[in-house]
Amino acid sequence: MDNILANLQLLTSLAPTINIELIANGLLVGAIFALITYGMALVWGVMDIINVAQGAFVILGGYVSFYFVNAMFQIAPDTPRLLWIILSMPVAAVAVALFAHIVFKLVIERILDRDLFVALLATFGIELVMQQGMNQFFSAEERIIDAQLPTFAFMDYMVNIPGSRLLGASLGIVAAIFIVGLVRYSRFGRAIRATAQNVRAARIMGIDTNRVYAMTFALNGAICGIAGSIVAFVYVIHPFQGLVYTLRAFAIVILAGIGNVVGVIFAALGLGVYENYSGFILGPEFQDGMVFIIVPITLLVRAWIMRRKRQYLK
Amino acid sequence: MAQARTSQWIASLAFLAIAIAAPFVLPNNMSQLVDLMVFILIALSWDMLGGQMGYNSFGNILFFGIGMYLVASTQVWMGGYSLAEYNSAKGGNLESFVVTAPVYVTSLIIGLAAAAVLNYFVGLFVGSQLLQTRGHYFAVGTLGLGVAAGEFAGTMDVLGGGSGMNFLQPPEGVNLTMLLYWLGLGTVMLFIAFLIWLHRTRFGFVMNAIRDNEDKAEAMGLPTNKVKSVSWAVAAVFTAIAGGLYGAGKNFIDPTEVAFSLPTIGVWMLLMPLMGGKGTLWGPILGAVLFQLFKEFFWTYLFGWQRVALGLLIVIIVVFFPDGVMGGINALRERLFGKAKSAGESGEAA
Amino acid sequence: MKHMLLAGAVTLASTAFALGASAQTITLGAAVSQSGKYSTNGMHTINGYNLAIELINARGGVKVGDTTYKLAIKYYDDESTPARGAELAERLIKQDGIKFLLGPYSSGLTKAIAPVTEKYGVPMVEANGASRSLFTNGYKYLFAVLSTSEQYLSSAVSLAAEMAKKEGRDPSSVRIAAAFENDPFSQDVRAGVLDDAKSFGMKVVIDDSLPKNLSDMTPTMTKVKALKPDLFVVSGHSKGAATATRQMAEQNVYVPMVAMTHCDSADIVGKFGKAAEGILCAAQWAPSLTYQDDLFGTAADFAKKFKEKYGYAPPYQAAESAAAVEVFTKAFERAGSLDQAKVRDALAATDMQTFYGNIKFDKNGKNIAKPMVLYQVQNGELVVVAPTKWAQAKVVFPRKRN
């Protein structure tokens, strides 16, 4: 308790610098979550499948990126780092999309019309396979990509925006805009939305919904691939680190409500900031708990509101 | 109906006979047998909601963890020691925290009873709130609760925080694994008898009615909300006892890796009913046995790849055998002898 | 990948061998994390064990009485969960008939396994469970070759006191920021640091516990920046070291003295280069120490052999694991028997020098003959700066600003 009071005191005494830094870094982190969550929300909304393996896909993307960047450094040591890091994103996107497609053909396709609980378990199984598989193939060592970017300091070094996070967040936003545009304006995107709204109607109109599902899942893979390469140069990748991202994406979707793209972005940014504040005030050991508890609390609040309308959450 | 009931009792007696013989046949596998009893308890409790009522919970691990911490704490407290002092030693100085054999055994049993009672109310409360959400929202909400619980337990210094908490060392003369096995078996038999009885009561029918169509059940004026919460509370009781037994057997509680470990025990407890056949009495039990066999086999012979194998097993079960072994048997029986009469037992959640 | 397959192959080979010619083989058992959050250091541990076994067998094996035995290890994967570790220890003992155990990785797992080995009277030599509380329980069958957790960062704290004195300040004016992972090992290190700080009268201004699934330290870094402590101590296995190093650089966190654990196993120099400069690292062992034995040669020889075989420089986790196997073999030889009680007594009487350090157990089974060393990253190398006996260079203080 004393600890919390002291932290609060610190927060107010050194305002605004601390607040600006916590908020800025939270937003940058939130942008990465937004990307990962967007993929999860897409699959959830269109296919009614919760992909627990989302985090493992992200980590896989990180590894692809890591090996690509390292290989390129060895082949061409004098080229600029940044070039390869940015190029590694489409590489990771394609690789993870292909992997996701294999997963789709082997497993997801068979559980499309089953209830969501089956999807939760099946993708959890995939997560287990991927975790230990990556552990065997890429070794248990923590991996990072060192982007060697400068940090931008403001207000006498009290507010610092790391270049890598800035790059990660901006690339994440670019990718998100591209994907949202794709879903909104392309023919493929129209098919996705039609399928999400009404499967039967979409089928009658001649849309190959199964193909739409396959494409959606692969698109999610591509998103995870991109997010993974960002994670590799902003954070650390490790075969068993994926659940962190899955659970956060989960909390964000619940917070935003399914099928709410704008909500996902705001909820993700908000979560980044919220997480930093709860870590700062309560202590970092509370950070994860405070994120996960959002899920039941959000649901309870929504259930409570709906009950007043004599409805229930289903 | 009466005939089905008799066959249930016969099956129970057969199970009891095998379970009594097991320690003599497999004296070197005692701790695996204790785990098996724990698994049967958590599988049957999960099935009360997941199988009988169609509410798939990921949050039963909450009761498991609370039960474990409660039993450990009760033992320390009844041994005459301060919990804060005991845990500030971080599992050290165990020589100065000793209890006599009678105190150890009684405190274990009282701890289990306390865990059972307390978790009944926890289940009732959490259930009355969370069970208002339905379908996958319930699954997702309980999942969040289960993971969060472990994180918060890790911040409580009085429970040892992230350093975890040791159980008291069993004193000389206490054969802990044997004790846990018989306690576990006793609870399992109690639970089986309770379930056989419950499924013939009006309460049991309401449970199945909720599974088949909750809206209609509610419209018929059945007390669905009460039945849902009370069922979960009963499931919580047996899950908590299982948690206490498991923790005492493992001797060491880590908040996120042992007590509230959603990715392991928390998922296994719903995998087992699925393997055996959910919504049946013997399905979860069969599932627990099968799961334990598979798990031990994987861990022994697939060093480094065991989780891959487990993951594949999960995928194969949910994709290809969603009705489990009992479902397969029923399907076979229906093909051979025509449709079974009692739909309540073999019915699958819609 | 290669190492993993190799480790698997060694296990398979060793189990096959154990079945085929059990009379000639002593099979040690070990449950080590191959997956889960401790898998990085679990890998180092297994590599250390395997290298020792290979060298010992290449030299003919262990002579116990009149018979010469080969050594083998039966591994299980405890998945970084204590419950699993306890189960596997019991299985090794009861079902696989293993009579001697090597330790797992991390204090938490050791805490879970020690009661089991104690219950069955199975000697266990462990190399990776440093928690102080392990050695206050009167365990008779637990032997640890490493220094206990409270010693990890205590030399860093006293160094900070020394530097303060040099600057003409009282040591009690030193302000410490502490960030420790919320797991048994790191929390024990924290307890040691708090005790040391108290004895110097220093003030701990930040006392954060990092979540186990650590990915971001922004809140802690922000606090450190605001409070400007004199000493920043971090412990959180490999991931903690890597995350802290990266984020300190990225967020322009400047503290004159920074001390961590696990920087060698996280390879912070290789990963971050300049950003790691000046960081102090607590280690159980360093390749530049002057210890030696007749099996591995000097510490440097061990490092060379290890690097040849596994392709990376050995972090101390690998060295201490190899030393644990060596201690076991010497005890077998001295006991002249494979009787568990006799081997236990021989272990308790151990007083020897290995490439890893001197080893002598006190009555609780912890090694009291070996100090910790403190590295500093200087010009991209890990250089020993304390204790003075092995110091290769003077400590650079304060740390350069990037």
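A nonpolar core, as the word is used here, is a set of buried Ala, Val, Leu, Ile, Met, Phe, Trp, Tyr and Cys residues that are joined through C-beta atoms within 7 Å. Keep in mind that what you're looking at is a predicted model.

With that in hand, look for the largest nonpolar core, which has 368 residues. The members that touch the most other members are Ile32(A), Val96(A), Ala251(A), Ile252(A) and Leu41(B). If you'd like to know which element gives the most to this core, it's H2(A), with 17 residues. Chain C takes part too: its domain 1 (2–147 + 287–360) and its domain 2 (151–283 + 373–390) both give residues, so the core lies between them. As background, nonpolar side chains in soluble globular proteins tend to be buried together.

Zoom in on Ile32(A) for a moment. Leaving out residues up to four places away in sequence, Ile32(A) touches Gly168(A), Ala169(A), Gly172(A), Ala227(A), Ile230(A), Val231(A) and Val234(A).

Now hop over to chain B and find Met48(B), which sits in helix H2 (residues 30–50) of that chain. Is Met48(B) buried or exposed? A residue counts as buried when 20 or more other C-beta atoms lie within 10 Å of its own. Met48(B) has 26 other C-beta atoms within 10 Å, so it is buried. Setting aside neighbours within four places in sequence, its contacts are Ser231(B), Val234(B) and Ala235(B). Leu262(B) is 214 residues along the chain from Met48(B), and 19 Å separate their C-alpha atoms.

Next, see how the chains meet. Between B and A, 36 residues of chain B are in contact with 37 residues of chain A. On the chain B side, helix H5 (101–130), helix H6 (135–153), helix H11 (262–276) and helix H13 (306–320) each supply at least two residues. H6(B) gives the most to that side, with 13 residues. By class, the side of chain B that touches chain A has 20 nonpolar, 13 polar and three charged residues.

Chain A also meets chain C, with 38 residues of chain A in contact with 35 residues of chain C. The elements of chain A that give two or more residues to this side are helix H2 (17–47), helix H5 (116–138), strand S1 (151–154), strand S2 (159–162), helix H11 (261–282) and helix H12 (287–292). The side of chain A that touches chain C divides into 18 nonpolar, 14 polar and six charged residues.

Let's stay with chain C, which has 13 helices and 17 strands. The radius of gyration of chain C is 21 Å, close to the 21 Å that the globule rule gives for 402 residues, so chain C is as compact as a globular protein of that length. Its C-alpha trace spans about 65 × 40 × 40 Å along the principal axes, and buried residues make up 63% of the 402 residues. Of the contacts in chain C between residues at least 6 apart in sequence, 68% join residues at least 24 apart.

How far apart are the centres of the two domains of chain C? Taken over C-alpha atoms, 30 Å separate them. Their contact takes 20 residues from domain 1 and 14 residues from domain 2. On the domain 1 side, helix H2 (39–58), helix H4 (107–120) and helix H12 (316–335) of chain C each supply at least two residues. That side has five nonpolar, 12 polar and three charged residues.

A hairpin joins S14(C) to S15(C) through two residues, and Met352(C) has Ile359(C) in S15(C) as its bridge partner.

Most residues other than glycine have a negative phi, and most peptide bonds are trans. Lys228(C), however, has a positive phi, near 45°, and its place is in the loop between helix H7 (218–227) and strand S9 (231–235) of chain C. Asn252(C) has a positive phi as well, near 50°, and is found in the loop between helix H8 (237–250) and strand S10 (257–261) of chain C. As for peptide bonds, the one joining Ala386(C) and Pro387(C) is cis, with omega about -5°. The bond from Phe397(C) to Pro398(C) is also cis, with omega near -10°.

Key:
Residues numbered from 1 in each chain as written. Chains lettered and ligands numbered in written order. Predicted model: local features only at pLDDT ≥ 70, side-chain atom pairs only at ≥ 80, totals over all residues. Contact = placed C-beta atoms within 7 Å. Helix = DSSP H or I, 4+ residues; strand = E, 2+ residues; numbered from the N terminus. Nonpolar A, V, L, I, M, F, W, Y, C, P; charged D, E, K, R; others polar. Domains from an automatic or database assignment. Rg over C-alpha atoms; globule rule 2.2 N^0.38 Å. Buried ≥ 20, exposed ≤ 12 C-beta atoms within 10 Å, placed from the backbone. Pairing = 2+ DSSP bridges.
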